[in-house]
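Here is a friendly walk through one protein model, with an eye on what packs against what. Take a look at the structure below, and then we can go through its cores and helix contacts together.

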Amino acid sequence: MSFTEQFLAEARQVIDRLDVAAIDAVVHHLQKTRARGGRLFILGVGGRAANASHAVNDFRKIVGIEAYAPTDNVSELTARTNDDGWHTVFESWLRTSRLRREDAILVFSVGGGDVANNVSPNLVAASRYAKEVGAVVLGIVGRNGGYTKQVADACVLIPTVNPAHTTPHTEAFQAVVWHLLVSHTQLKQAQTKWESVP
């Protein structure tokens, strides 16, 4: 089997192992968040920050939910990093945004955050703060889910089928899952362009 065949075979295994009930639980919480006028804050670092930015567009335009990604403002992100430390950037951004119990955060992460190993402490701090104010915590994460999976109201775990490909599979299937979410009949409000062009 070539590398390409192996990678694609692993991708099929990921799809087959996704937890449908977990995805539907995220749909439920997003539906409730929108219905109560809550906002959605999507948090991710590295490649997941790019996923967050793309997903914000989709949730705003297709689902009609007010959504933001703190990493979209590089000036604020780097000022907070420089002045207060990387671990503070998301929590402080959420505080300034006056995160409230009607809102939700959605974490895109490979490991979900792990303070003991100093992995994504900014995601951990943000999730802790969200729980303090009573906001909904959602996640699409890999590996064992880390802190996000421990505290989330609903969390989709991207299964590890080959540890050597944990990151690319997690990032790729975060995109698959969020596109499923914005296409879901219980969430989608606006037609996407190419589906409306004859």
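## Cores and helix packing

Let's begin with Ile42, which, leaving aside residues up to four places away in sequence, touches Ala52, Ala55, Val56, Phe59, Tyr68, Ala69, Pro70, Leu106 and Phe108. Keep in mind that this is a predicted model.

Ile42 also belongs to the largest nonpolar core, which has 36 residues; together with Leu40, Phe59, Val156 and Leu181, Ile42 is among those that touch the most other members. Which elements each supply at least two residues of this core? They are the helices α1, α2 (20–35), α3 (47–63) and α8, along with the strands β1, β3, β4 (136–141) and β5 (154–157). There is also a second, separate core with 22 residues, including Leu77, Ile105, Val124 and Val151.

| Helix pair | Angle | Distance between axes | 
|---|---|---|
| α1 (3–17) and α8 (166–183) | about 50° | 11 Å |
| α4 and α5 | roughly 120° | within 9 Å |

The crossing of α4 past α5 is right-handed. On the α4 side, Glu76, Leu77, Arg80 and Thr81 take part, and they meet Val89, Ser92, Trp93 and Thr96 of α5. Sorted by class, this contact of α4 with α5 holds 3 nonpolar, 3 polar and 2 charged residues.

Which of its residues are buried? In α5, which spans residues 89–96, these are Val89, Phe90, Ser92, Trp93 and Leu94. The buried residues of α5 pack against the helices α4 (74–84) and α6 (121–133), and against the strands β1 (40–44), β2 (67–68) and β3 (104–109). Just after α5 comes Arg98, with a positive phi of about 55°.

Now for the other pair. Helices α1 and α8 pack at an angle of about 50°, which makes α1 oblique to α8. Here too the crossing, α1 past α8, is right-handed. From α1, the contact uses Phe7, Glu10, Ala11, Val14 and Ile15, while α8 brings Pro168, His169, Phe173 and Val176. By class, the contact of α1 with α8 comes to 7 nonpolar, 1 polar and 1 charged residues.

Key:
Residues numbered from 1 in each chain as written. Predicted model: local features only at pLDDT ≥ 70, side-chain atom pairs only at ≥ 80, totals over all residues. Heavy atoms only, no water. Buried < 20%, exposed > 50% of the residue type's maximum accessible area, 1.4 Å probe, protein only. Helix = DSSP H or I, 4+ residues; strand = E, 2+ residues; numbered from the N terminus. Contact = heavy atoms within 4.5 Å. Axes fitted to C-alpha atoms, helices over the stretch in contact; angles between N-to-C directions. Parallel < 35°, antiparallel > 145°, perpendicular 65-115°, else oblique. Left-handed = near helix turned anticlockwise from the far one by under 90°. Nonpolar A, V, L, I, M, F, W, Y, C, P; charged D, E, K, R; others polar. Core = buried A, V, L, I, M, F, W, Y, C linked by side-chain atoms within 4.5 Å.
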